[in-house]
Amino acid sequence: MPSPYRAIFSAPGTKGFSAAGFLGRMPLSMMGIGVVTMVSQLTGRYGLAGALSATLAMSAAVCGPQVSRLVDRYGQRRVLRPVTLVAVAAVAGLLVCAQQGAPEWTLFVFSVGAGCVPSVGSMVRSRWAEIYRGSGRDLHTAYSWESIVDEVCFIFGPIISIGLSTAWFPEAGPLIAAAFLLVGVFWLTAQRATEPMPHPKSQHTGGSALRSRGLQVLVATFVATGAIFGGVDVVTVAFAEERGHKAAASLVLAVYALGSCLAGAVFGLLHLKGNPATRWLVGVGAMAVSMIPLLLAGNLPLLAVALFVAGLAIAPTMVTTMALVEAHVPRTKLTEGMTWTSTGLAVGVALGSSAAGWVVDAAGAKAGYAVPVVAGALAAAVAFLGYRRLAGPAATGGRGEDDRHLRTDDDERVA
């Protein structure tokens with residue numbers, strides 16, 4: 001492991017909570033694509049599969065920030081465990097209904113419950129922020145590490161989910177995803193020493209973290225970015241099936257994540273200067289442009305190459321996003337703020353997967369790649385229009401409006 005990464009793990013407990021976070025985040029890459037694979041296996045209907053995946057994502061978008069707001073107030077252990085049990089029970093109901101051929105409305109009802117999952121990535125990043133607050137270099141490396149972990153999940157998650165659902169039984173992918181969620185969350189919340197201290201209700205002034213103008217830009221951009229990811233997932237499965245190699249979709253999507261993983265690893269080693277908002281804008285623009293070659297890929301090897309190149313822009317953009325959230329959101333609402341970016345992605349995934357499913361059903365898989373192309377153009381446009389909100393200093397020296405009354409050494413250092 002390169003020395004900057006080795007250095008961040010010198011703090012006690014960091015290896016444990018990062019490992020638990022890895023397991024807890026596996027469903028992020030497994031559940032949606034597992035539901036798409038399961039439903040398409042059982043019914044052959046990509047429109048229904050995309051709609052159910054969209055329902056999962058929309059439920060997560062609605063529930064995620066509320067769960068994180070409760071975590072900021074009451075702590076991770078008290079909130080995450082009961083929420084996770086609810087989500088796992090709903091997944092079980094979804095799988096039973098799908099296997100038994102229950103009415104479609106039951107699938108949507110249980111999908112809503114299954115989407116009530118905590119943003120495990122935000123929980124882990126908030127622990128890093130607590131440990132390395134005031135050390136920008138170490139926090140940059142920690143965020144880069146977590147982006148690598150995210151991408152490793154997206155390398156192996158689809159392979160496991162699609163592979164099990166196609167080789168074992170259709171419900172296997174979502175089932176294993178639920179098991180990962182249960183184990184990861186309970187392992188993470190068992191580690192009390194690194195859990196951030198909850199903030200009393202009296203410190204939560206000013207309403208939601210989403211009142212931050214900078215966070216609004218990030219979330220709006222991430223809605224379009226999520227549509228890229230949701231569209232690519234659904235269309236790639238259909239593209240592979242049209243060519244007689246449906247299981248290969250997991251390998252192609254893994255290559256997409258591999259490009260992001262490698263870029264994130266390198267990005268974490270860099271000593272960066274300049275305005276992070278500018279780097280973020282360039283990253284969003286690169287993601288948008290990288291979608292265009294997907295329309296030209298005529299076979300799976302060419303598609304894999306195009307997705308690998310497209311993946312190179314993802315992790316650096318995500319790392320920079322977390323740094324911008326940390327700068328523009330009050331400290332007492334940091335977990336909620338990070339979760340709002342995940343919410344933006346989830347909403348976008350819902351829209352992108354649903355739109356892609358209908359386009360595939362109507363015009364075929366290759367035409368479906370128009371969905372991520374359009375989503376990329378929208379992401380770039382929103383990022384460009386909102387750039388000035390991020391490029392300037394935050395209202396209180398980069399710590400958010402609600403931190404004005406918190407007299408900490410770190411605030412004085414920033415000021």
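## Helix H14 and the basis of the model

Helix H14 covers residues 334–363, and because 30 residues at 1.5 Å a residue should span 44 Å, the 43 Å between its end C-alpha atoms agrees with expectation; the expected span is 1.5 Å times one less than the number of residues, and helices (H or I, at least four residues) and strands (E, at least two) are DSSP runs numbered from the N terminus. Just after H14, Gly364 takes a positive phi of about 100°.

The model is predicted, with local features needing pLDDT of at least 70 and side-chain atom pairs counting only at pLDDT 80 or more, while totals for chains, interfaces and linings use all residues. Residues are numbered from 1 along each chain as its sequence is written, and side-chain values use heavy atoms, with hydrogens and water left out.

## Confidence and overall make-up

The chain averages a pLDDT of 81, and 90% of the residues score at least 70, where pLDDT is the predictor's confidence in each residue, from 0 to 100. Over residues 395–415 the pLDDT stays under 50, and for this stretch the model has 40 contacts beyond four places in sequence, a contact meaning heavy atoms within 4.5 Å.

The chain holds 17 helices and zero strands. Of its 415 residues, 57% count as buried, that is, under 20% relative accessible area, with exposed over 50% and partly exposed in between (1.4 Å probe, protein chains only). Among contacts between residues at least 6 apart in sequence, 84% join residues at least 24 apart.

## Helix H3

Helix H3, residues 46–74, has 29 residues and reaches 41 Å from its first C-alpha to its last, close to the 42 Å expected at 1.5 Å a residue.

Thr236 lies in helix H9 and, at 0% relative accessibility, counts as buried. Leaving aside neighbours within four places in sequence, Thr236 is in contact with residues including Ala249, Val252, Leu303 and Tyr369, and Leu303 in turn touches, among others, Phe239, Leu294 and Ala297.

## Two further buried sites

Thr194 is found in the loop between helix H8 (172–189) and helix H9 (213–242), and is buried, with a relative accessible area of 11%. A polar contact of 2.7 Å joins the side chains of Thr194 and Arg127; a polar contact is a pair of N or O atoms within 3.5 Å, of which, within protein, one must be able to donate a hydrogen and the other to accept it, and residues adjacent in sequence count only if both atoms are side-chain atoms.

Gly157, in helix H7 (residues 136–167), counts as buried at 0% relative accessibility. The C-alpha atoms of Gly157 and Pro27 are separated by 7.4 Å, although these residues are 130 residues apart along the chain.
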